[in-house]
Amino acid sequence: MSQGWLPLITLATSLLVAPLILLLPERAWRARAVLNLSAALLKLLLVGLMVVGLYQGREFAFGFTVVPGVEFLLRVDALGMMFAGLSSLLWLATTVYAIGYLEDSPNRKRFFAFFSLCVASTTGIALAGNFFTFLLFYELLTLSTYPLVVHRGHSAALAAGTVYLRYTLSGGLVLLLGVVALHALVGDVTFGEREMLRDLGPEYHSLLIGLFLVLLLGLGVKAALVPLHGWLPRAMVAPAPVSALLHAVAVVKAGAFGIVRLVYDVYGIQLTFELGLLTLLTALSVFTILYASLRALAQQELKPRLAYSTISQVSYIVLGISLFGPFGTIAGLAHIMHQGLMKVTLFYCAGNYAEELGIHRIDEMNGAGRRMPLTSLAFTVGALGMIGLPPVAGFISKWYLGVGAVQAGMPWVIGVLVASSLLNAAYFLPILHRLWFRAGPEHGKGQWPEERRLGRFETSGWLLWPTLATAVFSLLAGLLAGVPFSPLDLATLVATEEYLP
Amino acid sequence: MIERLGLVTTQLPTTGSSMMTLLVVLLPLLLGMLGGAWRPWRGWPGLVVALLSLLALVWLTQQIATHGTQAWVLDLGTLTLHWRANGLTLLLLLLTQLLVLASAAYAPAYLCDAVQARGRGPAWLWPLMGLLATSLSLIWLAADLLSLYIGLELMGLTAVGLMLLPGREEALAAGMRYLLLALIGSLAFLLGVALLLGGWGRLDLAGLAEAVEPGPLLWVAMALLSAGLLLKAAAFPLHAWLAPVHGSAWTPVSALHAALVIKASFFIALQLWLVLAPRAAMAAWLVGGMGAAAVVWGGLLAWRADKLKDVVAWSTVSQLGYLLIAFPLLIGTSQAVVSIAWGGVWLQLLAHSLAKAAMFLAVGNLMLATGESRVSGLAGASRRFPLSLLSFGIAAISLVGLPPSAGFTAKWLLLHASLAAGQWPWLVVLALGTLLSAAYMFRVFRYSFVEDVELQDYRPVPLRMDLIAMALALASLLLGLTASWPLAILAIAGGVP
Amino acid sequence: MSSLFDVLPATLPVLLAVLVLLDRRLLRACSLFVLFALTVALTWWRLGFIWLALLETLLGAVLTGAFLFHALGISPARGASPARPSHGQDPVPLIWRRTLIHLIPVLALMGMLAAALASLPASDSSPAVRWSGLVLVGLGLWAFALHTHLLRRLLAFNITGTGIFLLLMTLVGETTTAAGQGLVITGLAVALLGTALGALLIRRLDALAPSQQPSPVNGRQVS
Amino acid sequence: MTATLLLILTLLWPLLLMLRSPLRVLMEQDALWRPGPRPKLLDAWWASAPLPALALALWPGETTLVLDGWLLGGVWQLDEARRPWLLFSALLWGLAGVYARGYLVAEQQAAEAGDGGTFLRLAGLTLLWPLTLAGNLLLLLAEDIPSFYLGFAVMTFAAYGLVVHADNRDAHLGGRAYLIMALFGEALILGGLLWAAGSADVLTLAALRDGIAEAEQGAWMAAILWLGFGVKAGVVGLHVWLPLAHPVAPTPASAVLSGVMIKAGLVGWLSVLPLGDPAAGLEPLGRLVIALGLVSALAAALFGITQRHPKAVLAYSSVSQMGMLTALVGTGLSDPALWPAMSVAVVLFAAHHGMTKGALFLGVGISEHPPRLPAWLLWPLLILPAVSLTGALASGLASKWAFKNVLYEGGHETLVTWLSLAAVGTTLLVARALWRQWRERGHHAIPLLGTMPLAWLFAIVAATSLPLWLPVAGGVVDSPWPPPDELPGLMWPVGVGLVLACVGLWLAAITRRRITWRLMSGDLWWLYAMLARRLGAGLQEGAERIGARGSRLRGRLVAAEREGMAWIDGLPRYERRFRQLAVPLMIGVAVLLLLGFWLG
């Protein structure tokens, strides 16, 4: 029975940190840092324990009834563990980064409290065992990220916050309606009980299609599928660690993860396929991938470009899901992790450039590689990964996507992948060129917008080490994709569960 | 349906529970009198004594959980009064005691801070508050129309008196309007009661439930009763007195009023409908339609309101609309729908009461601290009054109906019930209401996050005031996941047929 | 003769009520209201409700009247001279269109009531009282909607209330008289309390804004 | 066991060397910004990067290394087919590395003296050179597709740094051309590999070849892959980066670019195309490949002679030679039966061209900075690899004989004729290159025993003696040299070429007029660039139009929102009515409810 408490404790590590942080005075930054870091480490440890337990075939579940027929359920499965692992890993990195990033800025207490809450919601989403619990944390995520988005408090941030709320709350509402409708149809939907909907019979099929669309609409907002993506580029006004977290794990991934759950654990891939919904997902994601890449190409500032790149990359996950067959599944799931690692690296780098040199626009980046070689190296790794070049993790995703597309009988998707790679290259390689091969202020041409010397190295160690760590991780995730416990391995585990009855 | 209301019972009350019930009803009044005599400037001593009635209530709960619904028949000569206590009653009593307690604990510090003992107002606060608690308890317990009428009138007049206490001009004008409309409302109620009495010659609800037969007399009586109660409950087209009244009232009074007084009228109306016209689906739809209009209208006006208290007051109008949707969901629908909606309605009532009280208290704190009553005066508040704002935020979560609050769970149940009943319009209404309430709540937050504002002088409020608001807000939040607990109380002893 | 004896106590209050509600001078209207209450008490006595007659005299006529006069600024201690002469004059702005429009809902209500009453057995003791009660209700509500002056609204409310009490007591049967009396007594007490509260409020509003012209009580449009 | 270790070391050693200097810099904090003397970057260790590869190529026996955790499962192996490639690639890389130490000595000295900019530029080169090498070696040794693609990509992108090393306008133009074309190539390769590997569900190259042969749409897969690798191999139309990138790179880098790296495209073809598989049914593709190869070979020659920069001329010569190789690969598709014999010839030809072209490129540097050698010795040494390239001598003769022999046996006389014509072109090209070298020869002599001349001399020796040491599949060819009676058939193109060259020279001499019309090197690039600009402008216009429409729409929405807000702001005015009409409204509600009750 004690195992049932493990998910709960994992959730509590970050959930309880929030009030504790609020209780600490604003000036006690050391205590806050220690608290944050120890909680992050503890959580990583607990998630590790659960992953090991999962491989040993143990069951972890915790639940109680909220109202008759509706259960709060935390459960550990391979899919959730992937997401939880990612979030706890990146939480650790981002906490370190945020401590350095927000040094000497106001409202740190509030920031870290909501930051913890945000991670707690992400963990909750990962551990949710049914749609009700999922929805709970999904909405909590919206709430806890809003103060982070408007953290700076200037009018642009507030406007972005308003847009963010408009999108996400409406999406959440639509999702709520969908989930309630599903609940009214078949009762409590525990993830993995796919037979509930499958056994409904053909007369329900049109209803199921409608429900799927409603749920997709709700989840698509956070996943930033194209007509619903408008909030993401604006949310860029948030501080860099927030952007990093929003893009890599928290909000965007929550949406994508929700779609994964919807397709695999609620409808079941077989039923989704039979209803013809996979084609819809494919079309949607393909359009998103190309459209967002084109938009990214037109951006002149670094963070918006990265934001559009996120929109495009997250759709890879949806694309992977929509390809019927184990390879597509593996691709989609592995990309959840891969994209998280790579994108978080890129955002850390963007933050480093902004903090150390005051760089926000792409044309200010000339020669920054010579001033900040390690950061630029990390950026290079991330960018190459986004393009899908080996040995960075992005290649693995792309490979499986391509193979999955062929197996799903849609080889034309490869063309989309290739086009997307080219577009990615078209908007990342010029940046790399500027970083490494253009003469800039370091060569006596012009000067940095706002240079500060934050640390002994090229920038403050708090900022540098997380950046390097995630870069190395994203490299290793690709280079050593075949070893046990790698993202690919976990994804394969999930996919086998899904396709083997 | 009347079983759910605890009107059918064969249980005779135990002496202990009778005593306890009396204690629960009368103790607040007694304490109020004492408070009026002594005018406490500290909340704690009174609070400790007031815990007595809470303890009595707990004991009563225990009794009823073991023995089932209890009913009392009071013979006063030829006049018979009927009282009963079941799960629902207990829940409402509990809520009342809790909120009155919280307001009472909040009031001394508030009065000290805000009013500085101007006039005789503060002396009247305590007895009136006690009286309010008593009359509310009476309403929850009453099982006949006479008791209900007495409770209703007592409550109405007390509420007017409480609202008038600040003694400022705008308070008086609004209060006068409130008084007149409340009186008219009770006249309509009385007229309805008169018709019922004339038609079937009895006033006890259980008896009436069996006796009444549909016909013009019943319909007219019900129409009059409902119209009067809806006026008192500030349902949509009859809501106009509400916002001005709150604008100038004292914060703890506003909290009590929005949380309980309005709910009492709603409770009576719903009870009468369930007892007397359980199949009048069409009329229930009309009430639901009023609710829908209330949701939209209240939401829109709250969104654009300039003053903080107006935002909260208009939000009350809007939220009451959610409760009015209970009518079409509970009346003339199948048993399955009713069993879902029943929990949803009362949970919504609980959630809204707690959250609204918390919100009024939090708003009071913010207004005291900033010295500003307008929403835009909150600029920069998030840095300076994090606790007040946090309690406001948590209460807002529940009001908007975002998880994991009780408001969310209630909304879930209501949505589920609407779907199960096939009544699609309510889905739209609930959705709209959520969006609107999110819009006006987050508008407040938006101002509070503004950073570039010069630091004006402000007075921090005592921590205890913040803590009380926080406690209520947390209660409304935590009820979301522990909703099975109030639902279990609802279900005990006659809650489920 | 007996029919006249029956009809007179029933029609007298109605007549008086019309006068109360439409009198241009407030002081006179208040005085008429006391008279009205006394006739109602008479009606109670005629119907055989002695307790009610007594209470009506005490609560309805004496105390309510006292509070009404208090609202006008006349207190027994200070004699009969009104503090503000303007209180005596409150011309009722009678615009025909408004008057008629406000009549529509009242008529609708009366129609409803009539329909309901029609399905009941006719009052064995005093049908006239029932109808006068009905008319009083309509009259009061109509005046309430029509007037904006607070005191007049209080008067209208009291008249409506009285109408309802009359109606109520003609409806109760033998067995339920006690219940009916309970309701009426509560109602009377509430009406008194309401009037008292209202009167105090009017005084207070008056005291708060003495400089406003015209005087706040007269000019105030509390709707 | 030793071979396996050597295999790992082959790939690891360049990476370790690469990391050495940045680590050294990192050790001393702030070394990057500190003025003053810097460590020596191009030392002997640096040049030793390809030594393990060389050792591995010479190590007897085959070896296979399976790495489960690596990418999607790594399989690296050295077999007889790979050995010649590895050998000549490693050799040329080594020679070029040694040569670079001499060639870049001026920059090296400036960097050591404390010129920060030069130091960083040089540091970039010293980092990317071993990385490119590692990619190249991985691509040769990899048997699993991901590793192969990884090697290919690493080599391609790291080489960008070598191309733009000079950091001037031309260098950046060359770099851009290189990168854009390479990206297209990579994209096509990725697409083809995914398609083919996905259809067959395989992860190794051998299985991939079988898969393509069996696949229903194998022809398309093969075509895409052929085009993808064709970018690297300089197939006509895709070759535009070669003449732009080669002249601007430092000479040793040009040597490896032309000598080894463009062979990677060829290796790619050999690795993924089902050559010699009669079941593949790729004959039409084969014919197309042959035709394109020949066009490539001839057109490049014609265009190349108009160039002035010797390295550009040599680059066109590479295009031409690769065109010939392309045609030979095409026969593997169109006439599968011929392939077993032809593959030997192709390897020989490729190795010959790699080494010889390497030597020629290195020679360009030598003619600019001639060592202390008498001119009668220096210029024949410079001419020797050129003659070899034309096929008149040494390794050129042997390789030409090898494929002609096969082609004659297969009955492809026409093809031989065309190839001979191409050889005429080659002769003209090398003559032109040497002429330009002569005209631009330098005078500042460098010591003979420096690293530069020695590496060059060794390259000439190795290039000319290639057939003697190259372990072509199944051992060294029994008799690499053609029988004497075949010589005229092999020699005539050279003769014709020489005559034409002399005529040209004579014409130029008698007219004494400079040939003013000169074609821009990079030929089709300019066309592509113009088309791309047009397309870009069109896209931009379209985007602007869409953007304008979007902003109009947004403006309209904002206006509507503002109107709506204004309307909502006006709502409170109705509140007064509600307040005034509370009682009638209450009655109204009652009436409505009554109606409701009445209706049921």
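Let me start with Thr64(D), which in this predicted model counts as partly exposed because 13 C-beta neighbours fall inside 10 Å, and a residue would need 20 or more to be called buried and 12 or fewer to be called exposed. As for where Thr64(D) sits, the residue belongs to strand S1 of chain D, the element that covers residues 63-67.

Which residues does Thr64(D) touch, once those up to four places away in sequence are set aside? They are Val75(D) and Gln77(D). If you then look towards Leu141(D), you will find that its C-alpha lies 9.4 Å from that of Thr64(D), although 77 residues separate the two in sequence.

Let me now turn to chain A, which holds 22 helices and 2 strands. For its 501 residues a compact globule would have a radius of gyration near 23 Å, and because chain A comes out at 21 Å, the value agrees with that expectation. Taken along the principal axes, the C-alpha atoms of chain A fill a box of roughly 75 × 55 × 45 Å.

How much of chain A is made up of buried residues? The share is 66% of the 501 residues. Finally, among the contacts in chain A with a separation of 6 or more, 81% are accounted for by residues 24 or more positions apart.

Methods. Residues are numbered from 1 along each chain as its sequence is written. Chains are lettered from A and ligands numbered from 1 in the order in which they are written. This is a predicted model: local features need pLDDT of at least 70, side-chain atom pairs count only at pLDDT 80 or more; totals for chains, interfaces and linings use all residues. Helices (H or I, at least four residues) and strands (E, at least two) are DSSP runs, numbered from the N terminus. The radius of gyration is taken over C-alpha atoms; the globule rule is 2.2 Å times the number of residues to the power 0.38. Two residues are in contact if their C-beta atoms, placed from the backbone, lie within 7 Å.
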